[in-house]
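Subject: Structure handover

Hello,

Here is the structure I promised you. Please open it and keep it beside this email as you read.

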Amino acid sequence: MGGVPSTPRWGGAAEMRPAETAEYLIGALVGEKSYPLASDYWQKLLESPLHLRWPAHRVLQASQLFAQNNCKTRHLAKILVHLAWCLQECVSASGVPSAALVRALNALYISSVFLKYFIENAKSDHFEELHLSLDENEAKPTSFSKDQTIEQLVMHSVLSFLGKVDVSTNTYLLHHELLNFMLIAMSTQLLSGPSPGPDDSHPLIDAMMVQESSFVSLVVSKLLLNYIRRPNFPIDSSSYSIFSEVNQTGVLQRVGSAAANFVLLPFNLFVGSTGEATRSPLAENSLNVLLILIHYRKCIETDYVKDRGDHSSEPLPKEDACFSENPYCKALENAQDIEFDRLDVEGNVQNGPLVRLPFASLFDTLGLYLADERSILLLYSMVQGNSAFLEYVLVRTDLDTLLMPMLETLYNASRRTSNQIYMVLIILLILSQDSSFNASIHKLMLPNVPWYQERLLHQTSLGSLMVIILIRTVKYNLSKLRDVYLHTNCLATLANMAPHVHRLSAYASQRLVSLFDMLARKYNKLAEMSNNKMHMPNGESKEEDNLPEDTTAELHIYTDFLRIVLEILNAILTYTLPRNPEVVYAIMHRQEVFQPFRNHPRFNELLENIFTVLDFFNSRMDAQKMDGEWSVEKVLQVIVINCRSWRGEGMKMFTQLRFTYEQESHPEEFFIPYVWQLVLSCSFSFNPNSINLFPVDLPLEKQDSFVGEDGQKLQSGGLNGLEQQVDVLA
């Protein structure tokens, strides 16, 4: 054998051993001779057991030869057509025939490797080298629908199988490999820039987007059910003879590191040392594919593009970009709970296909796997886009199922990625927009919080823990980083919670007052620096002073932060003081931190209520005749007694703050790179030199980082942070 596949000699093929037959057939596939679509060569290729053990360099040479000859042979298009036909046979049969299963798997193995090579090494923006069409001289099969492209035929067959054929012992591997194939087909996105434009070409993804809505709904439903049910690899199945020997690997696995993660996965990835399945690759790949599909955005031609001409290199302004509707995103947004009838809010039966999901199972599964960043992104997509699921979450009485893993993620912020922290904070902000959520989290008591190390938290309410963790996140960000959006999200959530706080714990109350103290000290330092800078001759400053470039702007930011914290304290004292004696105690215990701001023009009106409360309770304390020193218990006892007589006299009513999350106008610039970065970090590999979707000067693995110094650029992959708007509703 040489460095490239042998030249086929059909005369002795029948007598060859299986490995030699496979070598011969693969050599024919990548060679110069074109075999018609109807040739019996394709049946021999797809029915042959492909148990070759080529090293990576031979597969690379075969791929290069295939790329060189494909423009004439159109063999990539032809094997994709045969893949579609095999899948159609599997769907139409009452049970998946074993022969069709073998042919489909072989077609998948072969096409996956070569398609991935073509995409990674594409030299044109429109992937002409794929040649996804038959030669003009070759008759088009009668099974082709009118005007149907090969891309549409293949993806229709893939989606039809995934949506219509249940995962079983016999079909598990085919389902898994089809999902891998879809990842490869969609990886053309990695070659485009972070901002989708009308000139971007994604032939196979676009073919998925034009499928009928019934297929789309079936696929979205099946992908989510795979994620929920997490089917394991059928270890005891005799159907997969290819795994009969762990060390025996197929020819197409030997593509080097570029394909080893997804083509013909080794048996030991599915089975642990005890012989039991340790993970569900099918569930993981289903989630990968779903996230890519729902966040895909296709930029279509606009009048601006037409006016500037086809050959203009001028970038398309954001405000002129127009995107076609994503049917997968729409299907996810319209998904309904399987426990309820298909009725809309007016009681009318909904027409058309609808994704029906067991919301209870999805809720529980998300709670179990929120340590996985992809699950957090799925939860965000559901609560942000699907109002029915958001309503379901809000009425659950066991909100700790979701909140505890998210709060633990915030607690371990230094070991999490920036995107993960942002997603968690935005989810909490969305949930906090509901008053019933804010009330219920204070009624749910936690026996203990084992992962919280600073102190023992026994019988703490979920609401108190949430306040503690949000304040801890702000303090961490303030001491280590400088991210305005993170501060804003944390404080906005706390502000939404404030009017509904019930029996806030002593520790949470102390943390809340200490948050004001910390922000006040930062504000005073900035104010002093700003005043010194103003009084320096010609605005000069010493280099060692290390002044921020724009101290005034930062001072304004901290002014807003202080006002929000004062608004939070005001809301608690105004609406829920009798139910929060620990908050009153914490304010009295640290009342000196408020004194310097009593006459400050930006804060004095917000401090009036705080000092009204202090005057009321201080006078009650002074009226008590005590023998000896005041203890914490005695002070609290006086506060509790006088809370009962509190009538709020003299309190000034302020407009209640309410913050809402709004997704930015061009979310695709964040989500498309983010999703692909997650996929590349856990279950898919791609030539980094070909990636234009995001910078790859850093490793693609997850980084132990939070956000960069500018609060915008992320350490993990260099993506831009997600922007959000927080509105104050009058």
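Below is what was found in it, from the whole chain down to single residues.

**Ground rules**

This is a predicted model, so local features need pLDDT of at least 70 and side-chain atom pairs count only at pLDDT 80 or more, while totals for chains, interfaces and linings use all residues. Residues are numbered from 1 along each chain as its sequence is written, and side-chain values use heavy atoms, with hydrogens and water left out.

**The whole protein**

The protein has 26 helices and eight strands. Both are DSSP runs, numbered from the N terminus: helices are H or I with at least four residues, strands are E with at least two. Of its 730 residues, 54% count as buried. Buried means under 20% relative accessible area, exposed means over 50%, and partly exposed lies in between (1.4 Å probe, protein chains only).

The protein exposes about 32,500 Å². Carbon and sulfur atoms supply 48% of that area. Areas come from the Shrake-Rupley method with a 1.4 Å probe; for residues, only the protein chains shown count as cover.

Now the contacts, meaning heavy atoms within 4.5 Å. Take those between residues at least 6 apart in sequence: 75% of them join residues at least 24 apart.

**The core**

A nonpolar core is a set of buried Ala, Val, Leu, Ile, Met, Phe, Trp, Tyr and Cys residues joined through side-chain atoms within 4.5 Å. The largest one has 227 residues. M182 and F594 have the most contacts inside it. Helix α5 gives the most to this core, with 13 residues. Nonpolar side chains tend to be buried together in soluble globular proteins.

Look at F594 next. Leaving aside neighbours within four places in sequence, F594 is in contact with V513, F516, L566, L569, I587, L607, I610 and F611.

Helix α4 covers residues 75-92. Its 18 residues should span 26 Å at 1.5 Å a residue, and its end C-alpha atoms are 26 Å apart, so the two agree. The expected span is 1.5 Å times one less than the number of residues. α4 is mostly covered, with 13 of its 18 residues buried.

Helix α13 covers residues 359-369. Its buried residues are F359, L362, F363, T365, L366 and G367. What do they pack against? The partners are α9, β3, β4, α14, α15 and α16.

**Residues in loops**

N386 is found in the loop between α14 (373-385) and α15 (387-395). Is N386 buried or exposed? N386 counts as buried because its relative accessible area is 1%. Its side chain makes polar contacts, which are pairs of N or O atoms within 3.5 Å; within protein, one must be able to donate a hydrogen and the other to accept it, and residues adjacent in sequence count only if both atoms are side-chain atoms. One goes to the backbone oxygen of L332, at 2.7 Å. Another reaches the backbone oxygen of A335, at 3.0 Å. Beyond four places in sequence, N386 touches L332, E333, N334, A335, F359 and S381.

L134 is found in the loop between α5 (98-120) and α6 (150-164). L134 is buried, at 15% relative accessible area. L134 and H75 are 59 residues apart in sequence, yet 8.9 Å apart in space, C-alpha to C-alpha. Beyond four places in sequence, L134 touches L37, R74, K78, A139, P141 and I150.

H131 is also in the loop between α5 and α6. H131 is not a glycine, but has a positive phi of about 50°. Most residues other than glycine have a negative phi. H131 is partly exposed, at 23%.

R503 has a positive phi too, near 50°. R503 is in the loop between α20 (484-497) and α21 (506-535). R503 counts as exposed because its relative accessibility is 57%.

Last stop: N232, in the loop between α9 and α10. N232 is partly exposed, at 42%. N232 and S280 are 48 residues apart in sequence and 5.3 Å apart in space, C-alpha to C-alpha.

Best wishes
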